[in-house]
Amino acid sequence: MNQSLERRSSRGEDVHGVGPSPEHIAYLESGAGELFQAVHNTAVLSSVLLLISPNGGYYQSAGTSPEGMAIGASHFLINSIASQLSAENKEILNLGGADVDSGLGRFKEGFGASRLLLPEATFFLGVSWGRKFKRAIRLFSADRKVFLYLLFGQVSRFSIYAIDTEAVRPPEVQIGLTFQALSPDDLRSITVSDSSFRARQCSRLDRFGKSYAYGVYVDDQLAHISWLLPANAMQKDPPQVIKAQPDEAEITACETLPEFRGQGIYGMAIRNLILVARSQGVRRVLMKTKVEYKPSHRGIEKAGLERTGSAILFSFPLIHRTIIWRRFT
């Protein structure tokens with residue numbers, strides 16, 4: 001579960017690790033629940049805690065490692081659980097809840113599950129300050145770094161760049177390099193040495209519900225991925241540092257694999273993406289990068305974009321609020 005939370009943290013969500021749950025242990029010790037795991041060469045790749053009833057099972061919680069995601073361990077595990085329940089003459093596998101139109105919801109519907117819309121609520125039977133104080137004490141003892149982050153928040157500074165699509169110069173032809181759009185199947189079948197690279201692409205695919213990704217290949221080997229988001233998709237990519245007009249788009253989530261850095265692939269990808277945006281009727285393309293990421297600044301500027309503003313994010317996890325201050329020239 002911690003590995004799944006790390007993936008959410010890498011895309012900007014405010015999460016922190018979980019420890020051993022007394023509730024989960026009680027389920028297992030009482031026999032109310034069973035733990036199912038997908039294992040490969042002694043390594044656990046995916047786990048599901050299933051609560052058992054006379055006529056079925058309930059998918060209570062789960063987690064999958066990046067290595068497990070790369071080979072479909074969670075899909076394999078859920079299918080295996082369904083087969084075992086069927087062999088025991090049980091009728092239902094309840095896959096649990098998910099937010100409407102979320103990536104998790106689409107993942108569960110992919111097994112043929114039917115959707116049941118239900119209300120959800122959480123209650124604490126006590127004074128609110130008492131609950132927060134107890135949680136703060138536990139967190140201070142377990143992880144002081146996370147405690148301070150929750151207490152004081154975090155500040156992130158971004159530089160914002162822009163270019164009119166009519167102003168882009170065509171990229172130079174580089175022998176051996178191929179630029180192309182990537183389908184959902186392309187993203188799911190990525191095979192690179194860094195398994196977390198594929199996991200990040202699949203996570204974004206789940207978030208948007210479709211692929212806006214483009215890749216650069218060096219002699220048929222994937223070297224780089226960037227995403228070109230239209231204005232309506234940018235709203236699904238929190239925190240929304242840039243607010244775009246309907247005829248604007250953002251190039252984001254640019255990643256060049258380590259073995260291909262320093263070869264000008266980043267700039268070549270940006271210029272090609274601007275041409276794609278122009279063919280889609282986009283008037284202006286925007287990009288953002290953290291102030292401290294100097295190589296990213298150089299690559300963006302070399303591709304022809306000009307710095308047009310800045311943004312500062314004040315994140316306050318304790319009150320679940322992010323404040324964004326934007327300034328444009």
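Surface patches are built from residues with over 30% relative accessible area and no salt bridge, like charges being joined within 9 Å and nonpolar side chains (Val, Leu, Ile, Met, Phe, Trp, Tyr) within 5 Å. The structure is a predicted model, in which local features need pLDDT of at least 70 and side-chain atom pairs count only at pLDDT 80 or more, while totals for chains, interfaces and linings use all residues. Residues are numbered from 1 along each chain as its sequence is written, and side-chain values use heavy atoms, without hydrogens and water.

The chain contains 12 helices and 12 strands, assigned as DSSP runs (helices H or I, at least four residues; strands E, at least two) and numbered from the N terminus. Along the principal axes, its C-alpha atoms fill a box of roughly 65 × 50 × 35 Å. Of the 329 residues in the chain, 40% are buried. Burial is defined by relative accessible area (buried under 20%, exposed over 50%, partly exposed in between; 1.4 Å probe, protein chains only). The areas come from the Shrake-Rupley method, and for residues only the protein chains shown count as cover. Y59, placed in strand β3 (residues 56-64), is buried, with a relative accessible area of 13%.

A positive surface patch consists of R131, K132, K134, R135 and R138. R138 belongs to helix α6 (residues 128-142) and is exposed because its relative accessible area is 54%.

The structure holds 10 salt bridges, each defined as a side-chain nitrogen of Lys or Arg within 4 Å of a carboxyl oxygen of Asp or Glu. In one of these salt bridges, between D185 and R188, the closest N and O atoms are 3.6 Å apart. Both residues lie in helix α8 (residues 184-188), with a spacing of 3 residues, about one turn of the helix. D185 is exposed at 57% relative accessibility, whereas R188 is partly exposed at 43%.

A further salt bridge joins the side chains of R283 and D247 (2.7 Å, N to O). This pair links distant parts of the chain, 36 residues apart: R283 is in the loop between α11 (265-279) and β10 (284-290), and D247 is in the loop between α10 (231-234) and β9 (248-256). R283 is partly exposed at 40% relative accessibility, and D247 is partly exposed at 29%. E248 and R284 also form a salt bridge, with the closest N and O atoms 2.9 Å apart. E248 lies in strand β9 and R284 in strand β10, so this pair ties together parts 36 residues apart in sequence. E248 is buried, with a relative accessible area of 4%, while R284 is partly exposed at 23%. Through salt bridges that share partners, D247, E248, R283 and R284 are joined into one network.

A search of the whole structure finds 0 disulfides, taken as pairs of cysteine sulfur atoms within 2.5 Å. For C202, which is in no disulfide, the nearest cysteine sulfur is that of C254, 18 Å away. C202 is buried at 7% relative accessibility, and C254 is partly exposed at 24%.

Key
Accessible areas come from the Shrake-Rupley method with a 1.4 Å probe; for residues, only the protein chains shown count as cover. Lys and Arg count as positive and Asp and Glu as negative; His and the chain ends are not counted. The place of a charge is taken as NZ of Lys, CZ of Arg, CG of Asp or CD of Glu.
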